[in-house]
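Biologist: I would like to learn how to read a structure feature by feature. Please start with the rings.

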Amino acid sequence: MSLALDITVFDSAKLVIKGTYKLFSYDIQMDALSNVTSTFTIDKNTKITTGDYVAVRPNNSTTLLYYGQIITVDVDDSSNLMTLSANYIWNLLNGDIIVGSKSSNSYEAHILKLINNYINSNVGTNILNKGLTNSTNTAFQVTSSDGISTSNFIDYLVRGFKLHNTVFEVTGIGQGTSENGVPFYYPKIDFHQVKDTWNFKNDVYDFNNWVVSDSRNLRNYNNELWIVDQAGTNMENPTVLARYWLTEDGSVIKNLTDNVAKPTQVQIYLFDKTATDNPTYDSIAQSNLSANAYSHSIQFSAQLGNNFLPLEKVKLGLQSNIYYDNTQYKSVLTAYSIDSSSEVVNLTFGNLRFGRNDLFSTTN
């Protein structure tokens with residue numbers, strides 16, 4: 001049978017508990033690449049409004065499965081039930097930030113600084129100011145080809161996930177006390193790089209409904225890069241400053257090997273030698289070729305309570321070695337879902353595309 005879950009609702013302004021309720025149905029969606037919506041159905045309750053925060057746990061458990069913010073409330077008077085739609089807590093960052101060139105030894109600390117700046121006008125009451133930490137530090141470099149520009153904050157975090165495998169994880173519920181002695185509650189959020197690795201094989205009985213898509217069978221991506229002097233004028237004999245190739249396993253190399261699919265498809269980057277803030281050739285290659293890299297998508301479902309993958313291990317960013325019909329795929333968990341109509345957790349994996357450098361542009 002499906003998991004029996006409870007939902008606790010917190011007042012959006014005071015962060016006090018409005019109540020804990022049995023879930024009659026639910027559809028929990030977690031996705032590191034998009035701002036997806038989850039739904040929860042409970043008894044009708046007029047105290048619950050949009051903007052309130054919700055925490056979802058199994059009955060009689062402290063394990064936190066979801067923490068988000070209600071975006072819509074739909075009441076069915078005929079059944080006396082109400083359906084709550086919620087976005088994950090990072091929805092609070094669904095606005096714009098300034099992006100420019102930046103490098104540091106901690107992408108995680110960089111993001112925390114951006115958050116503190118983002119919430120500066122309401123830092124005293126913003127829930128993100130209560131318990132935000134980072135437990136890892138990952139070197140990074142952002143080179144903005146547009147100089148100073150803007151980006152949606154969530155889109156910027158998605159770029160970071162693809163490059164650094166960094167995620168927001170609500171690790172628990174913290175408690176504070178207001179000036180008048182009333183307890184309030186907030187999510188403990190850790191922003192970190194996920195390093196855990198798990199192995200999967202498609203011959204395990206508890207793993208079902210496999211769908212595998214591998215672009216190596218399609219050959220529809222550029223895998224050779226020329227960095228060309230943009231001052232050149234001879235189209236038949238351009239000045240090629242550097243050449244790079246993309247291997248079938250996603251690595252960027254400077255010499256052509258048997259691990260590069262052939263015939264190659266060429267991409268050209270025009271390099272301005274007169275500019276003073278140019279990125280390195282290596283960073284240009286990493287950004288351009290990895291963006292065109294072969295991709296794979298692997299989806300399958302795992303029975304709840306199986307002996308091979310405990311539910312507490314199912315977290316966005318989980319690195320994985322997936323063996324499907326004798327082919328190994330180095331992957332990362334990009335999305336998963338759990339709903340009340342089934343006894344499985346649905347998993348979606350993509351290929352690893354890690355790197356230090358991000359060539360940012362408003363067009364990519």
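Modeller: Gladly! Rings of Phe, Tyr and Trp (for Trp, the six-membered ring) pair if their centres lie within 6.5 Å; planes under 30 degrees apart count as stacked, over 60 as edge-to-face, and the rest as tilted. By this rule the count here comes to 19 aromatic pairs. Please keep in mind that this is a predicted model, in which local features need pLDDT of at least 70 and side-chain atom pairs pLDDT 80 or more, while totals for chains, interfaces and linings use all residues. Residues are numbered from 1 along each chain as its sequence is written, and side-chain values use heavy atoms, with hydrogens and water left out.

Biologist: How is a pair of aromatic rings described?

Modeller: The distance of the centres and the angle of the planes describe such a pair. Take Phe 40 and Tyr 66: their centres are 5.5 Å apart with 50° between the planes, a tilted pair. Phe 40 sits in strand β4 (residues 37–43) and Tyr 66 in strand β6 (residues 66–76), so the pair ties together parts that are 26 residues apart in sequence. Strands (E, at least two residues) and helices (H or I, at least four) are DSSP runs, numbered from the N terminus.

Biologist: Are Phe 40 and Tyr 66 buried or exposed?

Modeller: Both are buried. Buried means under 20% relative accessible area, exposed over 50%, and partly exposed in between, using a 1.4 Å probe and protein chains only.

Biologist: Which parts of the chain does the pair of Trp 210 and Tyr 324 link?

Modeller: The geometry comes first: the ring centres of Trp 210 and Tyr 324 are 5.6 Å apart and the planes at 35°, so this pair is tilted. Trp 210 belongs to strand β16 (residues 207–214) and Tyr 324 to strand β22 (residues 319–324), distant parts of the chain 114 residues apart. Trp 210 has a relative accessible area of 18% and is buried, whereas Tyr 324, at 22%, is partly exposed. Both rings belong to a cluster that ring pairs build from Phe 200, Phe 207, Trp 210, Phe 300, Phe 308, Tyr 324 and Phe 349.

Biologist: Now to the interior. Where do nonpolar side chains tend to be in soluble globular proteins?

Modeller: They tend to be buried together. A nonpolar core is a set of buried Ala, Val, Leu, Ile, Met, Phe, Trp, Tyr and Cys residues joined through side-chain atoms within 4.5 Å. The largest one here has 78 residues, and Phe 168 and Leu 347 have the most contacts inside it. Helix α2 (residues 153–164) provides the largest share of this core, 6 residues. Apart from this core lies another, of 12 residues, including Leu 225, Tyr 244, Leu 246 and Leu 289.

Biologist: What is Phe 168 in contact with, leaving aside its neighbours within four places in sequence?

Modeller: Contact means heavy atoms within 4.5 Å. Among the partners of Phe 168 are Tyr 88, Trp 90, Leu 132, Leu 157 and Phe 191.

Biologist: What happens at the ends of α2?

Modeller: At its start, a side-chain oxygen of Asn 152 comes to within 2.9 Å of the backbone nitrogen of Ile 154. After α2 comes Asn 165, with a positive phi, near 60°. The side chain of Thr 166 reaches the backbone oxygen of Gly 160 at 3.4 Å.

Biologist: And the whole chain: how many helices and strands does it have?

Modeller: The chain has 3 helices and 25 strands. Its C-alpha trace spans about 75 × 55 × 35 Å along the principal axes. Of its 364 residues, 48% count as buried. Among contacts with a separation of 6 or more, 66% come from residues 24 or more positions apart.

Terms used:
Polar contact = N/O pair within 3.5 Å; in protein donor to acceptor, adjacent residues only side chain to side chain.
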